[in-house]
Amino acid sequence: MSAVHQVHRLLLVHEYRGGFGGAERYLVTLAGGLLADGADVAVLVFVRERDGAALLADRLGDVGVRVTVVVGRGRPVPVRRAIREHRPQLLHWTFGDPHAF
């Protein structure tokens, strides 16, 4: 049995720094693949400016993933809120800054 079948609810957190590069492609591919395999996937994206994440949010929405966009650096309060809302069994965070906390 694959790990995806054991973990049904996932929260992916991403710190978007602008543009659409490898990290963003990875996020869309990962989220879409997990969703296609039957997982319940939600994505929380931190952005500097709300308008800047439109392309990423659109691509995630195209694969059917629920997306929440938060303006500002990655920080605990919005993550706690997303955890309470989505009740994930697994949290995957792509850090833009490894020293964020």
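**A charge over a ring, then the fold**

Guide: Start with arginine 59: its charged end sits over the ring of phenylalanine 20, 4.0 Å from the ring centre.

Visitor: What makes a charge sit "over" a ring?

Guide: NZ of Lys or CZ of Arg must lie within 6 Å of the ring centre and within 35 degrees of the ring normal. Arginine 59, at 4.0 Å from the centre of the phenylalanine 20 ring, sits over that ring.

Visitor: What should I know about the model and the numbering?

Guide: The model is predicted, so local features need pLDDT of at least 70, side-chain atom pairs count only at pLDDT 80 or more, and totals for chains, interfaces and linings use all residues. Residues are numbered from 1 along each chain as its sequence is written, and side-chain values use heavy atoms, with hydrogens and water left out.

Visitor: How many helices and strands does the protein chain have?

Guide: The protein chain has 4 helices and 4 strands. From the N terminus on, they run α-β-α-β-α-β-α-β. The elements are DSSP runs numbered from the N terminus: helices are H or I with at least four residues, strands E with at least two.

Visitor: How do the strands form a sheet?

Guide: The 4 strands form an open sheet, ordered β3-β2-β1-β4, with parallel pairing. β3 (66-71) and β4 (90-94) stand at the edges with a single partner strand each, so one side of each has no neighbour in the sheet. From one strand to the next, the twist averages 15 degrees.

Visitor: How do you know that β1 pairs with β2 and with β4?

Guide: Two strands pair if DSSP finds at least two bridges between them. β1 and β2 have 7 bridges, in the parallel sense. β1 and β4 have 5, and also run parallel. Valine 13 stands opposite leucine 44 in β2, and its bridge partner in β4 is tryptophan 93.

Visitor: Why is β1 called mostly covered?

Guide: Of its 7 residues, 6 are buried. Buried means under 20% relative accessible area, exposed over 50%, partly exposed in between, with a 1.4 Å probe and protein chains only.

Visitor: Why is arginine 73 called exposed, and what about glycine 18?

Guide: Arginine 73 has 53% relative accessibility, so it counts as exposed. That residue lies in the loop between β3 and α4 (76-86). Glycine 18 has 41%, so it is partly exposed. Its place is the loop between β1 and α2.

Visitor: Where is arginine 87, and is it buried or exposed?

Guide: Arginine 87 is in the loop between α4 and β4. Its relative accessible area is 53%, so it is exposed. Its phi is near 50 degrees, a positive value in a residue other than glycine.

Visitor: What makes a set of residues a nonpolar core?

Guide: The members are buried Ala, Val, Leu, Ile, Met, Phe, Trp, Tyr and Cys residues, joined through side-chain atoms within 4.5 Å. The largest core here has 18 residues; Ala31, Val41, Val43, Val45, Leu56 and Leu60 touch the most other members. The elements giving it two or more residues are β1 (9-15), α2 (22-36), β2 (40-47) and α3 (54-62). Apart from it lies another core of 9 residues, including Leu44, Phe46, Val79 and Trp93.

Visitor: Why is the pair of phenylalanine 46 and tryptophan 93 called stacked?

Guide: Rings of Phe, Tyr and Trp (its six-membered ring) pair if their centres lie within 6.5 Å; planes under 30 degrees apart count as stacked, over 60 as edge-to-face and the rest as tilted. The count comes to 1 aromatic pair. Its centres are 6.1 Å apart and its planes at 15 degrees, so the pair is stacked. Phenylalanine 46 lies in β2 and tryptophan 93 in β4, so the pair ties together parts 47 residues apart in sequence. Both residues are buried.

Definitions and conventions: Axes are lines fitted to C-alpha atoms, for helices over the stretch in contact, and angles run from 0 to 180 degrees between N-to-C directions.
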